[in-house]
Amino acid sequence: MSGEPRPLEIHLRVNSKRGTTMVHPVAAAETVEVPIQYPREEEVKHYRKWFSWLIPLFVVANIVMFVITMYVNNCPRNSVSCIASFLGRFSFQPFKENPLLGPSSLTLQKMGALDVSRVVHRHQGWRLITCMWLHAGVFHLLANMLGILVIGIRLEQEFGFVLIGLLFVISGFGGSLLSALFIQSNISVGASGALFGLLGGMLSELITNWSIYDNKLTALLTLVIIIVINLAVGILPHVDNFAHIGGFLTGFLLGFVFLIRPQFGWVNQRYAPLNYSPGRVKPKFKKYQCILWVFSLIILVVGLSVGLVALLQGVDANDHCSWCHYLSCVPTSKWSCHTEAAYCQSNQLGNQLNVTCSSNGKSSTYFMQNPTSSQIQQLCTQLCS
C-alpha cells in the first residue's frame, strides 16, 4: 500500500574475480557499490617470485675456476704420468694421487686452497674465502654444483639474490673457519660449506615461517633426513665434514635472520582499503620469530668472531675437544683416518733419483733428468700411500 512504509530489503551478492570482492547492497531507492580488494591467499602465501641468476652465476664461476686450475696444473709437464692425456695440459693427476679426477695438491695450494699454516703464519686470511671456489676434481665439482643448483635456485626465487648471495658466501666462510680450527695438517677446498649453508637456511626458514606452510611436518621430516644423510657421508675419510657442519650451522642461524616472513594477518591489513578498520592490529612478525632473530644474530656474530680470533692466534680446537675428530672421520677396519701430508727425502745423482718416504720408510729409485718439485711430490705421494 502506498501510505505504508516499505521495509528495507538488502540483498548481498558476492562475486570474486581476480582476487577482487564486490559487495553490492541493493535498497529500494539506490544502489551502492563498494569495492574491497584483498590479496589472494596464493599470492600472500608464495609472495614475490624472483628471477634466479646469481646462483647459476656462482656455478659458472666454480666451473671456470676449475678449468683455470687444470690449465695451471699442466699435468704432462709437472707429473710423471697423467690420466686422459689426450686432454693435454688439462689432463688429470693419477688416481693414486687424486681419485677425484683433478689437479695436484700443490696446484690447489697455489690457487688459494685453505692452508692453515699460511693463514696463521703468513696472514693469508683470504684463503678462507677463495677455497670455496676451488674443487679437488670433476666428481667433487659435479656433486657440489648439482646440489647448489637444486637448492639455491629455489631459495633465490623465494628470497632474492641479495639475501641468498650473502647466505651462500657467509656460510662458506663459516664452514672454512670451523674446518681450519680442526683440520690443520691438510689443505681443504670446495663449496660444500656453502651448500650445507643453503640446507641449513632451508631448515630454519621452515621453522621460523612455520604457520604459512601446508604439509609442514612432512617437509620438515624430509629435509631433516636429507641433512642427516649428507652429514653422515662426511664421516668417510678424505671428506672435510667440519666444513659441512660449520656451513650448516652458519646457514641455519642466518636463515632465522635473513629468511623471516611476515604473518598473514599483517599482510592482509597492509593491502586492505583505507576505510578498512580491523578489530585488532596484527604485528608484522610473531614473537617467536623475533626471539629467534635476536638470538641467532647474537650467536652468529659471537661465534664467527671468536672462531676467527682463535684461528689467527694459532689455536688447535682438537686440544680442547678430544672426541671431535670423530665428527669428520670414523676409523674402521676398512679405512684409516690418518691423512697426514706426505713427506719424503730425495737425492739426485745424475739421472738417478732416490726418494724415501719419511712416514713408512719405503724407498724407491727413479731414472729422471732434472725432475721438477711437482714430479718429486707426486712420486712421494705414491710412495707414502
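A disulfide is a pair of cysteine sulfur atoms within 2.5 Å. The exercises below apply this and other cut-offs to a predicted model.

**Exercise 1. Disulfides**

Find how many disulfides the structure holds, and describe the geometry and the burial of the cysteines that form them.

Solution. 
1. The count is 2 disulfides.
2. Take Cys75 and Cys82. Their sulfur atoms lie 2.1 Å apart and form a disulfide. The angle about the S-S bond is -105 degrees, and this link is left-handed.
3. Take Cys321 and Cys324. Here the sulfur atoms are 1.8 Å apart, and the pair forms a disulfide. The angle about the S-S bond is 80 degrees, and the link of Cys321 and Cys324 is right-handed.
4. For burial, the limits are under 20% relative accessible area for buried and over 50% for exposed, with partly exposed in between. Cys75 has a relative accessible area of 0% and is therefore buried. Cys82, at 25%, is partly exposed. Cys321 and Cys324 are both buried.

**Exercise 2. Two further cysteines**

Classify Cys131 and Cys290 as buried, partly exposed or exposed.

Solution. 
1. Cys131 has a relative accessible area of 2%, so Cys131 is buried.
2. Cys290 has a relative accessible area of 38%, so Cys290 is partly exposed.

**Exercise 3. Overall composition**

State the secondary structure content of the protein chain, its share of buried residues and the sequence range of its contacts.

Solution. 
1. The protein chain has 14 helices and 6 strands.
2. Of its 385 residues, 40% are buried.
3. Consider contacts between residues at least 6 apart in sequence. Of these, 66% join residues at least 24 apart.

**Exercise 4. Helix α9**

Compare the span of helix α9 with the expected value, and find how many of its residues are buried.

Solution. 
1. Helix α9 runs over residues 192-208, which is 17 residues.
2. From first C-alpha to last, α9 reaches 24 Å, close to the 24 Å expected at 1.5 Å a residue.
3. Of the 17 residues, 16 are buried, and α9 is mostly covered.

**Exercise 5. Thr107**

Locate Thr107 and list its contacts beyond four places in sequence.

Solution. 
1. Thr107 is part of helix α4, residues 105-111.
2. Its relative accessibility is 6%, so Thr107 counts as buried.
3. Its contacts, with neighbours within four places in sequence set aside, are Thr69, Val72 and Asn73.

**Exercise 6. Positive phi**

Describe where Leu101 and His123, which have a positive phi, are found and how accessible each is.

Solution. 
1. Most residues other than glycine have a negative phi.
2. Leu101 is not a glycine, yet has a positive phi of about 60 degrees. Leu101 is in the loop between α3 (75-78) and α4. Its relative accessible area is 15%, so Leu101 is buried.
3. His123 is not a glycine either, and has a positive phi of about 55 degrees. His123 is in the loop between α5 (116-121) and α6 (127-130). At 68% relative accessibility, His123 therefore counts as exposed.

**Exercise 7. The cavity**

Determine how many cavities of 30 Å³ or more the structure holds, and describe the volume and lining of the largest.

Solution. 
1. There is 1 cavity of 30 Å³ or more.
2. The largest cavity has a volume of about 40 Å³.
3. Its lining consists of Thr208, Asn209, Ser211, Ile212, Arg261, Pro262, Gln263, Lys286, Tyr288 and Gln289.
4. Sorted by type, the lining of the largest cavity has 3 nonpolar, 5 polar and 2 charged residues.

How values were computed:
Residues are numbered from 1 along each chain as its sequence is written. This is a predicted model: local features need pLDDT of at least 70, side-chain atom pairs count only at pLDDT 80 or more; totals for chains, interfaces and linings use all residues. Side-chain values use heavy atoms; hydrogens and water are left out. On a 1 Å grid over the protein atoms alone, a cavity is a set of points where a 1.4 Å probe fits but cannot get out, and a pocket is an open set with protein on both sides within 12 Å along at least five of seven lines; lining residues have an atom within 4 Å of a point. Grid points are joined across faces, edges and corners, and a volume is the space filled by probe spheres set on the points. Ala, Val, Leu, Ile, Met, Phe, Trp, Tyr, Cys and Pro count as nonpolar, Asp, Glu, Lys and Arg as charged, and the others, Gly among them, as polar. Helices (H or I, at least four residues) and strands (E, at least two) are DSSP runs, numbered from the N terminus. The expected span of a helix is 1.5 Å times one less than its number of residues. Buried means under 20% relative accessible area, exposed over 50%, partly exposed in between (1.4 Å probe, protein chains only). Contact means heavy atoms within 4.5 Å.
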